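Please open the model in your viewer and keep the selection panel at hand. The stops below go from the whole chain to a single side chain.

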Amino acid sequence: MITLDRLSLAIHGEAILRDVSFSMVPGKTFGLVGESGSGKSMTALALMQLLPEGAETSGAVTLDDGNLLDRPEAEMCALRGNELGMIFQEPMTALNPVQTIGDQVAETLRIHGVAARAEAREVARARLDRVGLDHVPLDRFPHELSGGQRQRVCIATAIALRPRLLIADEPTTALDVTTQAQILDLLRGLVEEEGMALLLITHDLAVVADLADHIAVMQDGEIVEQGPTRQVLSEQRHPYTRALLEASDHRPARTPRPLGAPLLTASDVERHYPGPRVGLLRRGAPLKAVDGVSLMLQTGESLGLVGESGCGKSTLTRALLGLDGVQGGSIAALGNPVSPAMPNTLRAGIQVVFQDPYGSFNPRWPVEHLIAEPFHLLDAKPARDARRTRVGEALQAVGLQPSDMDKYPHEFSGGQRQRIAIARALITHPKILVLDEAVSALDVRVRARILDLLADLQDRMGLSYLFISHDLTVVRAITDRVMVMQAGRIVEEGPTEQVFAAPQHDYTQALLAAAPRLPDYARKE
């Protein structure tokens, strides 16, 4: 048993964790849930003794009657990977991009001195086979794998020495629903077969409801409620637990309105990429990333586009935005053809909001500069005073203050940064907003507030949304129609509620079956 007893943490004097206590037992999964900034990841890092400089801890983390907080770094190095394994949220940053996956899994065994190079590679092969990568050679590099495959490599690395505790920190947040279901099934099987304890850190309550035996709810560095999963989710004794569950199923209030003329149309669009090399001078058949797709987005409509990673959503989106050309078919927006050569004034009418606002911001620019950046698309750029007025109006439209324009991105929370990204998209008064996984990385309560904001903006401004997401709950909450994409083709489309309630295509049925859902006992009327 691994026990946390009144664990407290302060960094440079600021309290981060306060009297955190819970236990994890072999063969069971313990879920730790809460919003971003609640202290979930810091709890895991304190347990692993991977804290930043200036950190001070008190209390105890007990393993085999010894307090891990008192162990010197040399002893912790021997425990990490051996007794304690950890899987991080973003596998591409956790893996070495210039080292093969076989060497990375084998490295754990070699560092701990339990196997020579040849034997370590044999064990690496066995571990990769165990996590479902038996078809992937050991000499592949991380960039040659999909997101789900990279996460499986991280799991193989973490379990190489069969640790007693496996910590999974948001292991499926960035994955599509079918890949997420496969990773969760893999983790469940490892717990059952290897007898290890699993600490699952997530903001997705539907995931812990399906996988965890016990759950703790964390708010502002404190455990506010814990117990068996069914008990916590059904009783919801703490107001914060109830708020999280309500936000998980939140649907924004949307005003029904008659739809207007088509704003964006695509007809039999095809987008191909060169095929793989065959020999020195020849290439194989081209890859059809988008294969005969047609769509129509009307004024005031929200259209959802869903599908697994690699199905062609991003390629189609780039074509609709005029960033890439197409090999067949045609695209028109606001009455004009769309292509890489389209005029800037047309681009001003179609704006995009990305998944990671921090990654799309220049951290050295103040918010005013960030939001005003799209003004370069206009023929007549506003003067400084008019620009500040427009930026202030855009900030107010998304629920922020005009005074925020003088701050920098790092001074805002994740939800606030996404509001700034939406303000930047609105600054040119577009008719169409393309939302590319715009709420996928947000925790449930922030996501609910952003969805409310998007519904309000649509009602006030008559915007049309193309909502691209792998989160089926979000698509159902915010869209009027939905299109399901598989292998470059649209396999099903129709009114959102109709498609979700009675899916006709096998692929749509598989997507919906894979999506995690809160059990009925967790839903309060």
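The tour takes domains, then cores, then one arginine.

This is a predicted model, in which local features need pLDDT of at least 70 and side-chain atom pairs count only at pLDDT 80 or more, while totals for chains, interfaces and linings use all residues. Residues are numbered from 1 along each chain as its sequence is written, and side-chain values use heavy atoms, with hydrogens and water left out.

Begin by colouring domain 1 (24-51 + 67-83 + 166-249), domain 2 (96-162) and domain 3 (261-274 + 283-512), whose bounds come from an automatic or database domain assignment. The centres of domain 2 and domain 3, taken over C-alpha atoms, are 37 Å apart.

Next select Ile87, Leu128, Val153, Ile155, Leu166, Leu187 and Leu205, which touch the most other members of the 55-residue largest nonpolar core (buried Ala, Val, Leu, Ile, Met, Phe, Trp, Tyr and Cys residues joined through side-chain atoms within 4.5 Å; buried means under 20% relative accessible area with a 1.4 Å probe, protein chains only). Because domain 1 and domain 2 both give residues to this core, it lies between them. A second, separate core of 42 residues includes Leu377, Ala397, Leu442 and Ile450.

Finally, centre on Arg271 in strand 11 (residues 262-273), strands being DSSP runs of E with at least two residues, numbered from the N terminus. Arg271 is buried yet has no salt bridge, the nearest side chain of opposite charge, Asp324, being 4.1 Å away; a salt bridge requires a side-chain nitrogen of Lys or Arg within 4 Å of a carboxyl oxygen of Asp or Glu. The Arg271 side chain does reach the backbone oxygen of Gly325, at 3.4 Å.

Methods: Helices (H or I, at least four residues) and strands (E, at least two) are DSSP runs, numbered from the N terminus. Buried means under 20% relative accessible area, exposed over 50%, partly exposed in between (1.4 Å probe, protein chains only). Lys and Arg count as positive and Asp and Glu as negative; His and the chain ends are not counted. A polar contact is a pair of N or O atoms within 3.5 Å; within protein, one must be able to donate a hydrogen and the other to accept it, and residues adjacent in sequence count only if both atoms are side-chain atoms.
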